[in-house]
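Hello,

Here is the structure I promised to pass on to you.

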Amino acid sequence: MRKMAGRALWALISIAAAFLLAGIALNRGEPVNSMWLVLAAACTYLVGYRFYARFIAAKVMALNDTRATPAERLRNGHDFEPTHKWILFGHHFAAIAGPGPLVGPTLAAQFGYLPGTLWIILGAALGGAVQDFTILFCSMRRDGKSLGQMAREEIGKAGGLIALLTVLLIMIILLAVVALVVVNALKGSPWGTFTIAATMPIAVFMGLYLRYWRPGRVLEISLIGFVLVVAGVFGGQWVSHSPALAPLFTMSGMALAIAIIIYGFCASALPVWLLLAPRDYLSTFVKLGVVMLLAVGIVLVRPELALPPLTRFVDGTGPIFAGKIFPFCFITIACGAVSGFHSLISSGTTPKMISREGHAMPIGYGSMLLEGFVAIMAMIAACVLQPGVFFAVNSPGGIVGATPEAAVATITSWGFPVTAAEMASLAQDVGEQTLFQRTGGAPSLALGMAHIFASGPGGRAVLGFWYHFAIMFEALFILTVVDAGTRVGRFMLQDLLGHVWKPLGRVSWMPGVLLTSAAVVGAWGYFLIQGVRDPLGGINTLWPLFGISNQLLAAVALSVATTVLVKMHGARYMWITCVPLAWLVVVTFTASWQKIFSPLPRVGFLAQAAQLQSALAAGGMSPAQAAETRALIFNAQLDAVVCGVFLVLVAAILLSSISLWAGILSGRRVEKLHEAPFVASRMGEEGI
Amino acid sequence: MKRLLRVIFGLLKELSDESAYRRHLAAHNLRDSREAWRDFSNARFQKKFSNPKCC
């Protein structure tokens with residue numbers, strides 16, 4: 001009887017998922033409530049978790065709770081430590097949740113809410129979660145080895161080197177693009193700039209408190225830090241109204257870029273306890289808190305979506321980024337559905353802390369589904385804005401016109417009416433001088449979040465506070481990605497250069513630390529400044545480049561996972577990772593090809609360089625304009641080369657993998673699995 | 001409800017490294033002190049910030 005009731009319930013959830021997805025996909029004209037998206041995602045993810053993840057866990061991986069995990073066998077109280085399932089779930093989720101699933105869906109809303117929503121729901125369940133789960137399983141069965149180590153062991157020596165180089169290159173692009181998101185959110189905004197600037201001394205205070213006054217009381221100081229940061233948000237409003245202070249914190253894009261570059265260098269070279277670690281604690285708690293607050297806000301307010309399901313920009317003429325819905329919707333969503341970077345977390349700390357093999361399913365698969373939810377919430381927050389406002393905020397001046405009048409005329413002509421007075425009133429409500437040309441996704445996401453939060457107590461009067469609170473939240477954890485990423489990039493570079501000259505590899509040798517920090521900061525800083533100078537806003541160039549590189553890393557991870565599945569079961573279950581891999585290869589290779597060779601200057605880097613070259617050759621430019629144009633030509637050519645390098649690296653690892661699979665499946669090669677031998681677990685639940 | 005709160009508090013302690021610090025003290029038979037935290041956090045942060053942060 002209970003079994004029957006269970007089956008009936010799951011049948012009902014499955015039917016509800018299909019009905020809700022069809023309802024979202026087929027609806028035209030009627031306004032759609034955001035709860036449709038939330039429920040469609042919830043039902044689909046529940047079905048995916050209950051049936052697909054369980055099938056993979058039982059039939060493919062044969063997860064075995066009597067087998068001791070690395071956390072039990074290699075327990076050392078530091079890295080290897082059996083941890084409670086839900087605590088590790090939260091830990092893993094906090095590690096994988098970055099700015100990508102917030103910014104990507106916001107940008108992809110340019111196509112309307114439908115394509116991005118469908119990809120987030122289906123891509124996360126069939127691709128992203130499968131990748132995270134399989135890599136976590138592979139690492140867990142290999143003593144917690146990293147993706148690079150597994151690539152080297154399972155595919156070959158070249159695999160490990162390619163994985164390392166790909167990660168380093170992706171990090172440089174990632175750091176540049178997320179820093180650009182912060183620059184675009186803060187330029188000309190004394191309120192926002194003051195709030196973010198205030199987080200620096202607050203972090204230093206937290207660091208000193210932890211080191212000298214109350215060692216180890218991290219929760220206590222994080223709470224104090226949070227109160228101070230909220231005070232900083234209020235202080236920012238006061239500063240923005242102060243005739244003496246406001247000009248000090250009203251900074252241009254270039255000035256902000258330089259400030260962030262200096263910050264990145266300091267964070268990389270200073271002792272980690274002073275700035276980086278306290279910011280990381282604060283950012284983690286704020287991130288989790290705001291995500292939960294947004295979820296509660298959406299469920300309570302149940303806002304209607306103002307953006308249409310599909311916009312005219314599916315044809316590739318969008319103002320936010322150029323390119324057709326295929327492949328650029330998938331490249332832009334990136335981390336909200338499939339994230340290559342997650343494979344580094346799934347083969348990092350988490351496999352060393354799992355107490356039972358069975359926990360890999362909720363932690364690996366379940367956490368990615370939760371990340372998909374975050375992406376859905378970001379999509380909702382972006383789509384509750386009036387389309388005219390959404391495009392006015394996110395479109396660069398080079399596309400819609402530099403003045404408010406020109407911008408609203410262009411956007412209105414697309415069928416998304418908006419007026420300059422409406423934009424001015426909204427800017428005044430949120431305490432900004434202007435909301436035009438704030439490309440990058442962060443400001444429109446903050447506006448959407450503020451719109452939802454301000455539906456509660458306080459109403460429109462607190463719109464400014466919520467807007468700047470959301471900006472603070474986004475900038476705080478984006479800058480945490482920047483500072484930690486710069487430091488990790490420095491370690492990677494030191495590791496590589498240590499082979500050339502030993503002292504450069506020593507992390508305690510200050511000249512080496514300063515030199516490699518400068519090199520890493522210089523690399524991403526170059527791309528950041530390129531983005532700031534770009535007349536099309538920079539995001540048009542850098543976000544697709546980041547999306548491509550991230551998805552290519554996912555292709556590397558899925559190649560490793562497929563190799564392991566082929567070694568375990570032959571061809572029987574390889575479709576589980578091969579289908580998402582094939583999709584990612586088609587999407588990323590098409591996108592890369594178009595970004596390099598498309599004849600349209602807004603899409604193809606080489607066409608853009610050729611167009612600028614023609615303009616330069618035609619003459620009539622001042623020496624300064626000519627120098628700027630030459631720099632833009634070089635940048636476009638450099639971007640084409642970077643994109644090409646990504647393609648070649650991943651094609652190499654893919655070809656090695658395919659050759660290995662063909663050898664194994666035809667019986668020409670006998671390859672062994674590199675799993676750690678079975679050891680029976682001696683641990684009961686009470687041992688965790 | 002009690003169990004949920006315990007998990008939430010456990011998660012906060014894990015995210016803040018406070019649980020790891022307690023384990024460190026117990027494993028090395030140490031008392032909570034400035035030096036103990038310094039040794040623990042130096043090793044912890046070095047490891048933590050050698051891994052890339054997710055995007």
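Ser395(A) sits in the loop between α16 (387-394) and α17 (397-400) of chain A; helices here are DSSP runs of H or I with at least four residues, strands are runs of E with at least two, and both are numbered from the N terminus. Ser395(A) is buried, with a relative accessible area of 0% (buried means under 20% relative accessible area, exposed over 50%, and partly exposed in between, with a 1.4 Å probe and protein chains only). A polar atom of the Ser395(A) side chain lies 2.5 Å from the backbone oxygen of Phe391(A). Setting aside neighbours within four places in sequence, Ser395(A) is in contact with Pro319(A), Val400(A), Trp414(A), Gln437(A) and Thr439(A), where contact means heavy atoms within 4.5 Å.

Before you read on, please note that this is a predicted model, in which local features need pLDDT of at least 70 and side-chain atom pairs count only at pLDDT 80 or more, while totals for chains, interfaces and linings use all residues. Residues are numbered from 1 along each chain as its sequence is written, chains are lettered from A and ligands numbered from 1 in the order in which they are written, and side-chain values use heavy atoms, with hydrogens and water left out.

Now to the backbone. Phe326(A) and Pro327(A) are joined by a cis peptide bond, with omega about 5°, and Pro327(A) belongs to helix α13 (residues 325-333) of chain A. Ala334(A), in the loop between α13 and α14 (342-346), has a phi near 45°, a positive value in a residue other than glycine. Ala334(A) is buried, at 0% relative accessible area. In chain B, Asp17(B) also has a positive phi, near 70°.

Asp17(B) has a salt bridge as well: its partner is Arg44(B), and the closest N and O atoms are 3.1 Å apart (a salt bridge is a side-chain nitrogen of Lys or Arg within 4 Å of a carboxyl oxygen of Asp or Glu). Arg44(B) lies in helix α3 of chain B and Asp17(B) in the loop between α1 and α2, so the pair ties together parts that are 27 residues apart in sequence. Both ends count as buried, Arg44(B) at 17% relative accessibility and Asp17(B) at 1%.

Over all chains, the search finds 21 salt bridges. Salt bridges that share partners join Arg67(A), Arg141(A), Glu357(A) and Glu675(A) into one network.

What about the place where the two chains meet? 34 residues of chain B are in contact with 53 residues of chain A. The area buried between them is about 3700 Å², and carbon and sulfur atoms give 66% of it; buried area is the accessible area (1.4 Å probe) that two parts lose on being put together, summed over both. Phe49(B), Cys54(B) and Cys55(B) supply 23% of the area that chain B buries against chain A, more than any other three residues.

Between chain B and chain A there are 3 salt bridges. One of them pairs Glu81(A) with Arg23(B), the closest N and O atoms being 3.8 Å apart. This pair runs from the loop between α3 (70-73) and α4 (85-96) of chain A to helix α2 of chain B. Glu81(A) is buried at 5% relative accessibility, and Arg23(B) counts as buried at 19%. Another joins the side chains of Lys48(B) and Asp280(A) (3.8 Å, N to O). Here Lys48(B) is partly exposed, with a relative accessible area of 27%, whereas Asp280(A) is buried at 4%.

Best wishes

Conventions
Polar contact = N/O pair within 3.5 Å; in protein donor to acceptor, adjacent residues only side chain to side chain.
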